[in-house]
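Colleague: I would like to go through this model with you. Tell me what each label rests on.

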Amino acid sequence: MPRVLTVDDSKAIRTIVSKQMLDLGFEIDEAEDGVQGLAKLEELTFDLVILDVTMPNLDGPGMLAKMRDAGNKTPVLMLTSESKRSIMVDVMKAGIEDYILKPFKPEELRAKVLKVLKIAAPSMPVTMGGEPAMPQGRMDPTGKQFIDILVIDDMENVHKKLKTLVPPHVTVGAALSAASALQACREKVFRVVFIDTDIPDVNSAALMNQLRSLQQHAAFLALALRSANDVQKEMQALGFDDVIFKPFDKDNIDDFLIRFFNDQDLVVAEDNLLRIGAFAGKDDRIDKYFTRVSKLLEEQIEKIAAACHDQVIIDLTNSPLKPDRTPRLVIDLKKEAQKRGVELKLVAGADHSALLKKFDETAKMTVCGSVHEARAA
Amino acid sequence: MPVVAEKLGEQVQAILSKKIADNTLVLPAPPTVVTKILQLVRDPSFSPKDATPLVERDTVLAARVLRAANSVQHGAMERARSLPQALTRLGVEKFKSLLVEISAHRLFESRDPRIGEHTRGLWEHSLAVAMLSRDVAALCGVAETEAAYLAGLLHDIGKPVVAFLLLEAEKNVVGTRTNVWIEPDAWVEVLQKVHRPIGVALANKWGLPETVASAIQDCSEYNSSERVSVGNCVRFANALAKKEGIYVGKIDESDVDALVMIGRSLLGIDDNVLQRLSGGLGDRVRALTV
């Protein structure tokens, strides 16, 4: 258990620091000035000293200098109301790990103490107020609320319209101004951020760069009006990952969903069983569906082989029956399974089975009526 | 014969201080067109398109207005094809910022090769501080992000003015540009020593906002009584730009490290944000100067 020494002439500060350290499960000791601090260091070994600058008898820089002169290399975190560069330059030269300016937020103290002690931060839930209300949902590993999409647009209708086009499990939050977007990004975690390129008095590229520093794992998409210009190229040159055009087009949104959200629904893996999800788009998009499913299945077959399964079961029950695409998909999967050294078994209804019997490459394949039957076969 | 920078700095500072005190220092004025437009802007009923006849007179200004309005950063999906259209799209605040930026940039442009080389570097530093100031202000929740950009851009505005005055002084002494009277390194040091009062005087003359004058006045010590402020954002941005090596002149690394360390706590900037702010800064600045 780390042991921390707080040296400060203010009892209130020592009490606050002590409580924070005890909450982290650390041992804590206190000293009122540099003289007492040095005496404590003589008695015990500490993992960290949290040191004030201005104190009676012996101030922080004086105590630090004596520590270092005596060869004591205990890490020191300065916690002070002193912000003069000239004073801090000398203190830094004597060797400190970091600095906190009073008054301080408990989160800053905790974060810097944990960083100095090289301990991973525990999760701290954060809440947010403001407009419009964010959907309640999952928590990311750091304890912040996780929301799938943030729409930054001064027109309130935009995020409302988007909500009608995405499945219910995809959560959508909204910010109507740059300030509320920055606040949201400080307090939540987003997978994708949409930024309107025409918010009055907002430089969308600068805002995107600012938000990226807060949401380093999110994708940033520009919301733009259709134009004769090559908007996609221009936005990508500014650093956006892609463009979504307004007014929203169902196909455009479907492509976006497939890219960022739907992959897990198109193919669901359970050990060595791969279930293909249903197709729910316009007929002219069926080719894209099969291409995506084929790619995802190939990736999953590779994983199944890597996990030392000798069989892969693919459930075609929910996939659409297409005489020109279904056999081709199965043939490709058969080749992939052979390449990886695993046996392929299919689960499908009578119509799928009848179709596959018509092709030489698939006629002799095992097609079962249920997953249970396939596992037993 | 080279002159010791320190002594020269003291002499120049004394001369300039006296001129400022006597109100006899001749400072460069903004371009006439800009001055006239800034007078118009003070009218509460001003609409940017009202400035069209004046903007039309300055071809460089007109081109910059069109370029800014048609920039995709301003959400321009369809090209503005006329000045009134471009001015309306920019809005009053952006138009004012653009006027000051254009005026300032002209100060940093010099035909003298020795000054030109250094002032280009000074301008790059100013742009870096401007961009960082705006980002830091936005991330810290400061509402006046445009003011932060301007304050960052102009925090060293006294330097090109002093450079010009030094060149004039040199010509008076030696009567020719071919003789090297002041070594380049020496006059960069002189700039560093004396630019602040000149910058403040210029800010007053140009009627720049108080936030800008404050950033020019003191860029080396934070004001901890007003932690999250435009001035502190600019001070932090200035230290960060220096730490990234975007600066002309000698840098005291300990000083810069202390300013970054203090600024991080003062403004609440964590490691991730710091990394993001400074990452690729040089490239972003170069993209603006091309």
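**Labels and their grounds**

Modeller: Start with A:Cys308, which is exposed, with a relative accessible area of 70%. This is a predicted model.

Colleague: Why is A:Cys308 called exposed?

Modeller: Exposed means over 50% relative accessible area. A:Cys308 has 70%, so the label applies. The residue is found in the loop between H11 and S13 of chain A.

Colleague: Which value makes A:Asp271 exposed?

Modeller: A:Asp271 has a relative accessible area of 64%. The cut-off for exposed is over 50%, so A:Asp271 counts as exposed. Its phi is positive too, about 55°, although A:Asp271 is not a glycine. A:Asp271 lies in the loop between strand S11 (267–270) and S12 of chain A.

Colleague: Now the other end of the scale. What makes B:Thr52 buried?

Modeller: Buried means under 20% relative accessible area. B:Thr52 has 8%, and therefore counts as buried. The residue is found in helix H3 (residues 52–57) of chain B.

Colleague: Which residues is B:Thr52 in contact with, leaving aside its neighbours within four places in sequence?

Modeller: B:Leu83, B:Pro84 and B:Leu87.

Colleague: How do you know that B:Val194 is buried?

Modeller: By its relative accessible area of 1%. The limit for buried is under 20%, so B:Val194 qualifies. B:Val194 is found in helix H9 (residues 184–205) of chain B. Its C-alpha atom is separated by 7.6 Å from that of B:Val162, 32 residues apart along the chain.

Colleague: Why is helix H7 of chain B called mostly covered?

Modeller: Because 7 of its 10 residues, in the run 145–154, are buried. They are B:Ala148, B:Tyr149, B:Leu150, B:Ala151, B:Gly152, B:Leu153 and B:Leu154.

Colleague: What does the secondary structure of chain B come to?

Modeller: Chain B has 14 helices and 0 strands. Of its 290 residues, 53% count as buried. Among contacts with a separation of 6 or more, residues 24 or more positions apart account for 70%.

Colleague: And how many helices and strands are there in chain A?

Modeller: Chain A has 15 helices and 15 strands. Of its 377 residues, 50% count as buried.

Colleague: Take helix H12 of chain A. What is its reach set against?

Modeller: H12(A), residues 326–340, has 15 residues and reaches 21 Å from its first C-alpha to its last. At 1.5 Å a residue, 21 Å is expected, and the reach is close to that. After the helix comes A:Gly341, with a positive phi near 80°.

Colleague: Which residues of H12(A) are buried?

Modeller: Among them are A:Leu329, A:Val330, A:Ile331 and A:Leu333. A:Glu336 is on the list as well. The buried residues of this helix pack against several elements of chain A, including helix H11 (286–306), strand S13 (311–315) and helix H13 (350–357).

Colleague: At what angle do H12(A) and H13(A) pack?

Modeller: At about 75°, with their axes 10 Å apart. Angles of 65 to 115 degrees count as roughly perpendicular, so H12(A) is roughly perpendicular to H13(A).

Colleague: Which residues meet there?

Modeller: A:Thr326, A:Pro327 and A:Val330 in H12(A) meet A:His352, A:Leu355 and A:Leu356 in H13(A). By class, the contact has 4 nonpolar, 2 polar and no charged residues.

Conventions:
Residues numbered from 1 in each chain as written. Chains lettered and ligands numbered in written order. Predicted model: local features only at pLDDT ≥ 70, side-chain atom pairs only at ≥ 80, totals over all residues. Heavy atoms only, no water. Helix = DSSP H or I, 4+ residues; strand = E, 2+ residues; numbered from the N terminus. Buried < 20%, exposed > 50% of the residue type's maximum accessible area, 1.4 Å probe, protein only. Expected span 1.5 Å × (residues − 1). Contact = heavy atoms within 4.5 Å. Axes fitted to C-alpha atoms, helices over the stretch in contact; angles between N-to-C directions. Parallel < 35°, antiparallel > 145°, perpendicular 65-115°, else oblique. Nonpolar A, V, L, I, M, F, W, Y, C, P; charged D, E, K, R; others polar.
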